[in-house]
Amino acid sequence: MSSPSITIFRGFPATAAYVWSPFACKLEARLRFAGLAYKVEQGAPPKGPRGKIPYIALSKNGESDTEMVSDTTMISEKLVEDGLAEDLNARLTPVEKATDAAVRALLEEKLYFYQTYERWEQNYYTMRDKALSALPFPLKVLIGQISYRKMSSTLYGQGTGRLTAPEITKLKTEVWSHIDALLTASSRKRGSGAPEGMFFVLGGSRPTEADSSLFGFVASGLVCDAAPETRKIVRSLPTVMDYADAIHRHYFPDYEHWDDGNEGEK
């Protein structure tokens with residue numbers, strides 16, 4: 001496989017640190033699982049091919065052929081199709097592939113909306129100030145209100161916005177409980193070839209696409225100040241924390257840990 005030039009646009013200015021976007025963290029995990037080097041830039045949703053974060057600039061033969069690619073699933077498929085990354089799920093059985101897809105759907109099609117409600121409805125000002133930190137205050141207020149209305153409309157149309165806050169908390173907690181149960185079972189049957197102390201979603205010796213998604217949701221949830229309830233739930237699940245800590249140590253040794261500077265929240 002050739003070595004492409006990849007830049008990830010994450011929507012946040014931080015470097016060598018996890019950001020609040022679960023999909024940006026998912027994409028970084030996916031690239032690191034594949035052993036692909038990349039750079040990070042802030043970028044902005046309007047500049048992405050699909051109007052959302054994250055997206056990448058991919059160059060295989062120099063800057064002149066740079067291609068912009070968006071949507072984390074499409075990015076992963078693009079890298080595999082172009083022979084730049086291994087298909088993490090190629091070795092799975094049909095049933096394992098179905099399980100992997102179900103885990104990703106649980107996170108990306110259900111939990112994502114519960115956490116979006118927590119961030120944009122329950123902790124709006126914290127989320128606005130972080131997501132729009134690059135804007136001057138008057139513009140931040142204006143764009144913040146536009147973003148809020150868009151998020152609220154999306155949540156209502158999707159269904160989460162029609163639920164009460166206690167109902168959303170209950171559903172969100174149930175998702176994390178399901179993930180904890182799955183990881184607990186996987187940790188007991190961890191593959192013999194897995195790095196020391198590590199275990200993956202399906203219990204094999206190597207990560208799959210589901211691990212990219214799950215780590216993205218765990219890492220972003222732990223560092224997001226606009227998701228205190230999610231952070232509390234995740235920290236209450238030792239197996240989930242062990243899973244994330246092991247991946248951090250092995251694949252992200254250059255990144256700040258979510259506990260750095262947050263000793264009071266451990």
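This briefing walks through some local features of the structure above, grouped by topic. Keep in mind that this is a predicted model. There are 16 salt bridges and zero disulfides.

**Salt bridges**

- Glu-28 and Arg-10 pair up through their side chains, with 2.7 Å from N to O. The pair links distant parts of the chain: Glu-28 sits in helix α1, while Arg-10 is in the loop between β1 and α1, 18 residues apart. Both Glu-28 and Arg-10 are buried.
- Lys-60 makes a salt bridge with Asp-82, and their closest N and O atoms are 3.0 Å apart. Lys-60 is in the loop between β3 and β4 and Asp-82 is in the loop between α2 and α3, so this pair ties together parts that are 22 residues apart in sequence.
- Neither end of that pair is buried: Lys-60 is partly exposed at 34% relative accessibility, and Asp-82 is partly exposed at 28%.
- Asp-82 also meets Lys-78 in a salt bridge, at 3.1 Å from N to O. Lys-78 counts as buried, because its relative accessibility is 19% and the cut-off for buried is under 20%.

**Cysteines**

- A disulfide would need the two sulfur atoms within 2.5 Å.
- Both of these cysteines are tucked away from the surface: Cys-25 is buried at 1% relative accessibility, and Cys-224 is buried at 0%.

- As background, most residues other than glycine have a negative phi, and most peptide bonds are trans.
- Ala-16 isn't a glycine, yet it has a positive phi of about 55 degrees. You'll find Ala-16 in the loop between β1 (5-9) and α1 (22-33), where it is partly exposed at 35% relative accessibility.
- Asp-71 is not a glycine either, and it has a positive phi of about 75 degrees. Asp-71 is placed in the loop between β4 and α2 (72-81).
- The peptide bond from Ile-53 to Pro-54 is cis, with omega near -5 degrees. Pro-54 belongs to the loop between β2 (39-41) and β3 (55-59).

**Helix α4 and what follows it**

- Which residues of helix α4 (residues 124-131) are buried? They are Tyr-124, Met-127 and Arg-128. Looking down the axis of α4, these buried residues fall within an arc of 100 degrees, so they line one face of the helix.
- Leu-132 is in the loop between α4 and α5, and it is buried, with a relative accessible area of 13%. Setting aside residues up to four places away in sequence, Leu-132 touches Lys-140, Ile-143 and Gly-144.
- For a sense of scale, Leu-132 and Ala-185 are 53 residues apart in sequence and 40 Å apart in space, C-alpha to C-alpha.
- On the surface, Leu-139, Leu-142 and Ile-146 form a nonpolar patch, with about 250 Å² of accessible area together. One of them, Leu-142, lies in helix α5 and is partly exposed at 49% relative accessibility.

- Ser-70 is in strand β4 (residues 67-70) and is buried at 2% relative accessibility. Not counting residues up to four places away in sequence, Ser-70 touches Pro-49, Arg-50, Lys-52, Pro-54, Tyr-55 and Ile-75.
- His-248 is part of helix α9 (residues 238-251) and is buried, with a relative accessible area of 7%. Beyond its neighbours within four places in sequence, His-248 is in contact with Tyr-18, Phe-215, Pro-253, Tyr-255, Glu-256, His-257 and Trp-258.

Key:
Residues numbered from 1 in each chain as written. Predicted model: local features only at pLDDT ≥ 70, side-chain atom pairs only at ≥ 80, totals over all residues. Heavy atoms only, no water. Helix = DSSP H or I, 4+ residues; strand = E, 2+ residues; numbered from the N terminus. Buried < 20%, exposed > 50% of the residue type's maximum accessible area, 1.4 Å probe, protein only. Contact = heavy atoms within 4.5 Å. Arc of directions from axis to C-beta. Patch = residues over 30% accessible without salt bridge, like charges linked within 9 Å, V, L, I, M, F, W, Y side chains within 5 Å. Areas by Shrake-Rupley, 256 points an atom, 1.4 Å probe, with all protein chains shown as cover. Salt bridge = Lys/Arg side-chain N within 4 Å of Asp/Glu carboxyl O.
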